[in-house]
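Work through the exercises below with the sequence and the model open. Each task is followed by a solution in steps.

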Amino acid sequence: MRRSEFLFAGSALVLGSCSGQTNPSGVAVGSKDFTEELILGEMYAQILEKNGLAVTRKLDLGGTQVAMEALQRGDIDLYPEYTGTALITELKEKPNKDAATNYAIVKKAYESRYGLTWLAAAPFNDTQALATTQEIRERYHLTTLSDLSKAAPQLRLGAIPEFTKREDALPGLQKAYGGFAFKDVKLFDIGLKYKALESGQVDVVVAFGTDGQIQVDRLYVFVDDKRFWPSYQAAPVVRDATLHAHPEIAAHLNRLAPLLDDATMRGLNAQVDGDKQDPADVARAFLSQHGLA
């Protein structure tokens, strides 16, 4: 399923410094347990293999806490992480509205606190969002979250339980934009919300910016015109000991980052979620197309 962790569901971690040991079998690439992470993890692994490194895959580990702890123990050497997740869940800091500032904060903090290096971040933004059908958008003349905040009393929202409670979700939207008093709020498991929208049970759903289902169903994502939500850019986070042993990793993986914008990542996710292709095959085809594997 797309994102089992949901960006709200982080718990406090007791984080120590990383071990200086390197993986004796080569480089171990990890990932969390949702489509986008599986694709990115496969991309990292295939790029490194193409460039002569022995790679062990430890993908589909679980949520942020599991992946971070595996990285610190040296069970894995790198995995894809998101700037917004790092700021909110790991560092417990309030995110800045500027994506470059958020990246600079997490890069510096991870290096000094944990002995971990953030490589180049991809431009795509897997932030929270609200989405609707093209028919609903046109019927109510909606474009921005400001528009939606005013039209909400006529509309039904499909959400997961956390979205109704957190300050960085519906309560925060109500403070930042005003309005957002939906006619009804129906709660669903994260994997069922798009089906609820497709079947007409709701008019608007909670989404993530690069969800493949947005492309599959040709949904409209509302413009966050007040920039309420922070950026969620993905980048490989690598143990310093691993980079010391294999400094070429940075150059190899940094070539991938500029290729992954919103539309591209959404399309790759759609190939897995909509077309039911294997993440490894989707990654291989994309990298081959761009001469990276």
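**Exercise 1. The cavity**

Task: State what volume the largest cavity has, which residues line it, and how the lining divides by class.

Solution. The model is predicted.

Step 1. The volume of the largest cavity is about 50 Å³. Counting cavities of 30 Å³ or more gives 1.

Step 2. The lining of the largest cavity consists of Leu40, Tyr44, Ala120, Ala122, Ala234, Pro236, Leu253, Leu256, Ala257 and Leu260. Two elements give two or more residues to this lining: helix H1 (35-50) and strand E10 (234-239).

Step 3. Sorted by class, the lining has 10 nonpolar residues, with no polar and no charged ones.

**Exercise 2. Helices H3 and H4**

Task: Find the angle at which the axes of H3 and H4 cross, classify the arrangement, and list the residues in contact.

Solution.

Step 1. Two packed helices are described by the angle and the distance between their axes. For H3 (residues 83-90) and H4 (residues 99-114), the axes come within 9 Å and the crossing is at roughly 55°.

Step 2. Roughly parallel requires an angle under 35 degrees, and roughly perpendicular runs from 65 to 115. H3 is therefore oblique to H4. The crossing of H3 with H4 is left-handed.

Step 3. From H3, the contact uses Thr83, Ala86, Leu87 and Glu90; from H4, Asn102, Tyr103, Ile105, Val106, Tyr110 and Tyr114. The classes in this contact are 7 nonpolar, 2 polar and 1 charged.

**Exercise 3. Helices H12 and H13**

Task: Determine how H12 and H13 cross and which residues make the contact.

Solution.

Step 1. Helix H12 covers residues 262-273 and helix H13 residues 279-289; their axes come within 9 Å and cross at roughly 140°.

Step 2. Roughly antiparallel requires an angle over 145 degrees. H12 and H13 are therefore oblique to each other, and their crossing is right-handed.

Step 3. H12 contributes Thr264, Leu268, Gln271 and Val272, while H13 contributes Pro279, Val282 and Phe286. This contact of H12 with H13 has 5 nonpolar and 2 polar residues, and no charged residues.

**Exercise 4. Helices H1 and H12**

Task: Classify the crossing of H1 and H12 and describe the contact by residue and class.

Solution.

Step 1. The axes of H1 and H12 come within 9 Å, crossing at roughly 105°. H1 and H12 are therefore roughly perpendicular to each other.

Step 2. On the H1 side the contact is made by Thr35, Glu36, Ile39, Leu40 and Met43, and on the H12 side by Met265, Leu268, Asn269, Val272 and Asp273.

Step 3. By class, the contact of H1 with H12 has 6 nonpolar, 2 polar and 2 charged residues.

How values were computed:
Residues numbered from 1 in each chain as written. Predicted model: local features only at pLDDT ≥ 70, side-chain atom pairs only at ≥ 80, totals over all residues. Heavy atoms only, no water. 1 Å grid on protein atoms, 1.4 Å probe; cavity = no way out; pocket = protein on both sides within 12 Å on 5 of 7 lines; lining within 4 Å. Points joined across faces, edges and corners; volume = space filled by probe spheres on them. Helix = DSSP H or I, 4+ residues; strand = E, 2+ residues; numbered from the N terminus. Nonpolar A, V, L, I, M, F, W, Y, C, P; charged D, E, K, R; others polar. Axes fitted to C-alpha atoms, helices over the stretch in contact; angles between N-to-C directions. Left-handed = near helix turned anticlockwise from the far one by under 90°. Contact = heavy atoms within 4.5 Å.
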